[in-house]
There are 2 protein chains.
Amino acid sequence: MLDLLANKWSALAIGALEDGPQRFGQLRRRLEGVSPKVLSQTLRRLEDHGMLTRTVYAEVPPRVEYELTDLGHSASVPLKDLRNWVEENVPRH
Amino acid sequence: MLDLLANKWSALAIGALEDGPQRFGQLRRRLEGVSPKVLSQTLRRLEDHGMLTRTVYAEVPPRVEYELTDLGHSASVPLKDLRNWVEENVPRH
């Protein structure tokens, strides 16, 4: 699990999803530089580990939304600490 | 910097070094499953980012020790939170 969370794209995806359900395209824009393949793999791994749910709405075209589970929300706390630490310490370094 | 820290082996290496200076062999034993190549790369990246110092003692054979800098110690706080979260939540998941 540590290798799942101690991963840049997982940390950023969970961070983005703290604001609420997002679609793939929204996540892709927010995670600068992530490729669609890496983003799908990251989201699939997070889903497999119970961190988020993936809901397909039977619309035309179908809408897919990703949303943090309670476990995902609880993981977002230490991940936010890590991101804040990086933001506070990168200029100094 | 997030991709440096949001990395399993960086997180575990910093965690191991919280206990004080360690040699390569000690770190390798503590980071189960890490290959020497990946460990050296991880330690080099952490050194390049000012997280740890590498000291070579002119002994026979030469002794090399890795030690956290103040920046490394401060980064170990959110990383410890992340490791604790994983330990507390893996059984439940």
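Analyst: A polar contact is a pair of N or O atoms within 3.5 Å, one able to donate a hydrogen and the other to accept it. In this predicted model, 6 residue pairs in polar contact are counted between chain B and chain A, both residues of each pair being at pLDDT 80 or more.

User: How many salt bridges does the rule find across the interface of chain B and chain A?

Analyst: The rule requires a side-chain nitrogen of Lys or Arg within 4 Å of a carboxyl oxygen of Asp or Glu. Across the interface of chain B and chain A, 0 salt bridges are found.

User: How much area do chain B and chain A bury between them, and what share is on carbon and sulfur atoms?

Analyst: About 2200 Å² is buried between chain B and chain A, with 82% of it on carbon and sulfur atoms. Contact means heavy atoms within 4.5 Å; by that criterion, 27 residues of chain B are in contact with 27 residues of chain A.

User: How do you know how the two copies are related?

Analyst: Chain B is superposed on chain A by a rotation of 180° with 0.0 Å of shift along its axis, at an RMSD of 0.0 Å. The two copies are therefore related as by a two-fold rotation axis. The same surface serves both copies, as 100% of the contact residues of chain B recur in chain A.

User: Which residue of chain B comes closest to the rotation axis?

Analyst: That residue is Ala6(B), whose C-alpha lies at 2.1 Å from the axis.

User: What makes strands E2 and E3 of chain B a pair?

Analyst: Pairing requires at least two bridges. Strand E2 (residues 52–57) of chain B and strand E3 (residues 63–68) of chain B are joined by 6 bridges and run antiparallel, so they meet the criterion. Leu52(B) stands opposite Leu68(B) in E3(B), and a hairpin joins E2(B) to E3(B) through 5 residues.

User: Why do strands E1 and E3 of chain A count as a pair?

Analyst: Strand E1 (residues 22–23) of chain A is joined to strand E3 (residues 63–68) of chain A by 2 bridges, in antiparallel fashion. At least two are required, so these strands pair. Arg23(A) stands opposite Glu65(A) in E3(A). Strand E2 (residues 52–57) of chain A also pairs with E3(A), in the antiparallel sense over 6 bridges, with Tyr57(A) opposite Arg63(A) in E3(A).

Notes:
Residues numbered from 1 in each chain as written. Chains lettered and ligands numbered in written order. Predicted model: local features only at pLDDT ≥ 70, side-chain atom pairs only at ≥ 80, totals over all residues. Heavy atoms only, no water. Least-squares fit on C-alpha atoms with pLDDT ≥ 70 in both. Buried area = accessible area lost by both parts, 1.4 Å probe. Polar contact = N/O pair within 3.5 Å; in protein donor to acceptor, adjacent residues only side chain to side chain. Helix = DSSP H or I, 4+ residues; strand = E, 2+ residues; numbered from the N terminus.
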